[in-house]
Amino acid sequence: MTEANPYGSPVLVEEGVWAGWSTWGYGADPYETMTGPYYLQKHEDAWRCGVMAERKHCNASGALHGGFLMTFADFALFAFALDHL
């Protein structure tokens with residue numbers, strides 16, 4: 001973490017499905033570690049965000065849990081605002 005950016009910096013993923021994307025890495029945010037991982041990628045002058053939905057993200061009926069979707073939305077909003085923090 002730096003004084004200019006107290007949130008740290010994303011770490012580039014170098015292999016696997018998410019190669020070329022970045023993430024804050026395991027343990028950077030305990031809640032995101034538990035529910036993620038979440039990924040982001042700078043594309044021109046906008047951020048793209050992604051996550052691979054898994055069984056742990058589903059509710060009892062097998063659909064994605066609303067809380068998971070809101071957590072992902074929270075991550076995406078942070079990514080979009082990161083350049084302005």
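Reader: Let's start with the rings: how many aromatic pairs does the structure hold?

Author: In this predicted model there are five aromatic pairs. One of them joins Y38 and F68, whose ring centres are 6.4 Å apart and whose planes meet at 25 degrees, so the pair is stacked, given that planes under 30 degrees apart count as such.

Reader: And which parts of the chain does that pair tie together?

Author: Y38 belongs to strand β3 (residues 38–43) and F68 to helix α2 (residues 66–81), so the pair links parts that are 30 residues apart in sequence.

Reader: Are those two residues buried or exposed?

Author: Y38 counts as buried, with a relative accessibility of 2%, and F68 counts as buried as well, at 8%.

Reader: What about the rings of Y38 and F75?

Author: The centres of the Y38 and F75 rings lie 5.3 Å apart with the planes at 25 degrees, so this pair is stacked. Since Y38 is in strand β3 and F75 in helix α2, the pair ties together parts that are 37 residues apart in sequence. F75 has a relative accessibility of 1% and counts as buried.

Reader: Which residues form the aromatic cluster with Y38?

Author: F68, F72 and F75 form one aromatic cluster together with Y38.

Reader: Moving on to the core, which residues make up the largest nonpolar one?

Author: The largest nonpolar core has 10 residues, namely W24, Y38, L40, W47, C49, F68, F75, A76, A79 and L82. At least two residues of this core come from each of β3, β4 (46–51) and α2, and the largest share, four residues, is supplied by α2.

Reader: How many bridges join β3 to β4, and do the strands run parallel or antiparallel?

Author: The two strands, β3 and β4, run antiparallel and are joined by six bridges. Their hairpin has two residues between the strands, and in this hairpin E44 takes a positive phi near 55 degrees.

Reader: Which residues of α2 are buried, and where do they fall seen down the axis?

Author: The buried residues of α2 are F68, T71, F75, A76 and A79. Viewed down the helix axis, these buried residues fall within an arc of 140 degrees, so they line one face of α2. As background, an α-helix has 3.6 residues a turn, so residues three or four places apart point the same way.

Reader: And what covers that buried set, and which residues are exposed on the other side?

Author: What covers the buried residues of α2 includes α1 (30–35), β3 and β4, while M70, D74 and L77 are exposed on the other side of the helix.

How values were computed. Residues are numbered from 1 along each chain as its sequence is written. This is a predicted model: local features need pLDDT of at least 70, side-chain atom pairs count only at pLDDT 80 or more; totals for chains, interfaces and linings use all residues. Side-chain values use heavy atoms; hydrogens and water are left out. Rings of Phe, Tyr and Trp (its six-membered ring) pair if their centres lie within 6.5 Å; planes under 30 degrees apart count as stacked, over 60 as edge-to-face and the rest as tilted. Buried means under 20% relative accessible area, exposed over 50%, partly exposed in between (1.4 Å probe, protein chains only). A nonpolar core is a set of buried Ala, Val, Leu, Ile, Met, Phe, Trp, Tyr and Cys residues joined through side-chain atoms within 4.5 Å. Two strands pair if DSSP finds at least two bridges between them. The arc is that of the directions from the helix axis to the C-beta atoms. Contact means heavy atoms within 4.5 Å.
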